[in-house]
Amino acid sequence: MNSDRSKLLVGEAAAALVEDGMRLGLGSGSTVAYFLTALADRHLDVAGIPTSRHTAARCRELGIPLLEPADVERVDLCVDGADELDHDLTLVKGGGGAHLREKVVAGLADRFVVIATRDKLVDRLADSFALPIEVVPFALSPVRRELEHRGFEVTVRTGASEDEEYRTDNGNAILDARLPGGLEDPAAAEVALSLLPGVVAVGLFVDLADTALLGDPQGEITEVQRSAVA
Ligand code: 5RP
């Protein structure tokens, strides 16, 4: 079974958790795309806050009503993907550049369900997948130098061409920062990196995810609860 099939299965499993009348957080990425299709197929009376322009556009195509953060104090359920997760359900996100809005929306959720393929479960975060850090363009060089000083291998994310810097939906740049050996203490790293002037959002999601639905190549889904992990 290929990873697209695993993504489809976890997307469908997450859509099955949605109940009529729910207000949703709608994540971003290729796994979420399967969730959105499966959600639309259920024809429920729901509405959701999209975490990227791309997700908003897809929801319009599918007929899923949209909300803004100003419209609701809380959402019942947020469903989003991840680039990496560890056994505490701490996530690395932002491979698609949407982690700032994703973190805002995840923070509004009564329940946050992550959907991903099982190969994204790792022992140490930010070793194999570089940690995305959204930075205001003015601060790109100082933040990059500081990250390198702290042992990270840093690349500036590029856009459509190699000479063009990537820009997020918020108009910011992204530094992808890999730490050889991975992060020892992701919670401390999130705080420390967030304090660097010019950093807008670090792609670490600590104590946010409640449940992960992980699809494996055999078509099995493993459900992991944050409260159940050490
Ligand atoms: C976007 C994200 C995505 O959730 C993450 O990149 C996973 O994407 P995919 O499901 O395509 O692997 O954080 O900012």
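This is a predicted model: local features need pLDDT of at least 70, side-chain atom pairs count only at pLDDT 80 or more; totals for chains, interfaces and linings use all residues.
Trainee: In which strand is glutamate 84 found, and is the residue buried or exposed?

Mentor: The strand to look at covers residues 84-85, and glutamate 84 is part of that run. As for accessibility, buried means under 20% relative accessible area. Glutamate 84 is found in strand β4, and the residue is buried.

Trainee: Which side chain of opposite charge is nearest to glutamate 84, and how far away is it?

Mentor: A salt bridge needs a side-chain nitrogen of Lys or Arg within 4 Å of a carboxyl oxygen of Asp or Glu. Glutamate 84 has no salt bridge. The nearest side chain of opposite charge belongs to arginine 178, at 8.3 Å.

Trainee: Which backbone nitrogen does the side chain of glutamate 84 reach at 2.9 Å?

Mentor: Two backbone nitrogens deserve attention here, and that of phenylalanine 129 lies 3.2 Å from a polar atom of the glutamate 84 side chain. Both phenylalanine 129 and alanine 126 are among the residues that glutamate 84 touches. The backbone nitrogen reached at 2.9 Å is that of alanine 126.

Trainee: Which element gives the most to the lining of the largest pocket?

Mentor: The largest pocket has a volume of about 420 Å³, and among the 28 residues that line it, those closest to its centre include Ser28, Gly29 and Ser30. Helices α2 (30-42) and α3 (53-62) each supply at least two lining residues. The element that gives the most, with 5 residues, is α2.

Trainee: How much space lies in the largest cavity?

Mentor: The structure holds 1 cavity of 30 Å³ or more. Residues lining the largest cavity include Thr51, Ser52, Asp169 and Asn170. The space in the largest cavity is about 30 Å³.

Terms used
Residues are numbered from 1 along each chain as its sequence is written. Side-chain values use heavy atoms; hydrogens and water are left out. Helices (H or I, at least four residues) and strands (E, at least two) are DSSP runs, numbered from the N terminus. Buried means under 20% relative accessible area, exposed over 50%, partly exposed in between (1.4 Å probe, protein chains only). Lys and Arg count as positive and Asp and Glu as negative; His and the chain ends are not counted. A polar contact is a pair of N or O atoms within 3.5 Å; within protein, one must be able to donate a hydrogen and the other to accept it, and residues adjacent in sequence count only if both atoms are side-chain atoms. Contact means heavy atoms within 4.5 Å. On a 1 Å grid over the protein atoms alone, a cavity is a set of points where a 1.4 Å probe fits but cannot get out, and a pocket is an open set with protein on both sides within 12 Å along at least five of seven lines; lining residues have an atom within 4 Å of a point. Grid points are joined across faces, edges and corners, and a volume is the space filled by probe spheres set on the points. Lists of a residue's contacts leave out its neighbours within four places in sequence.
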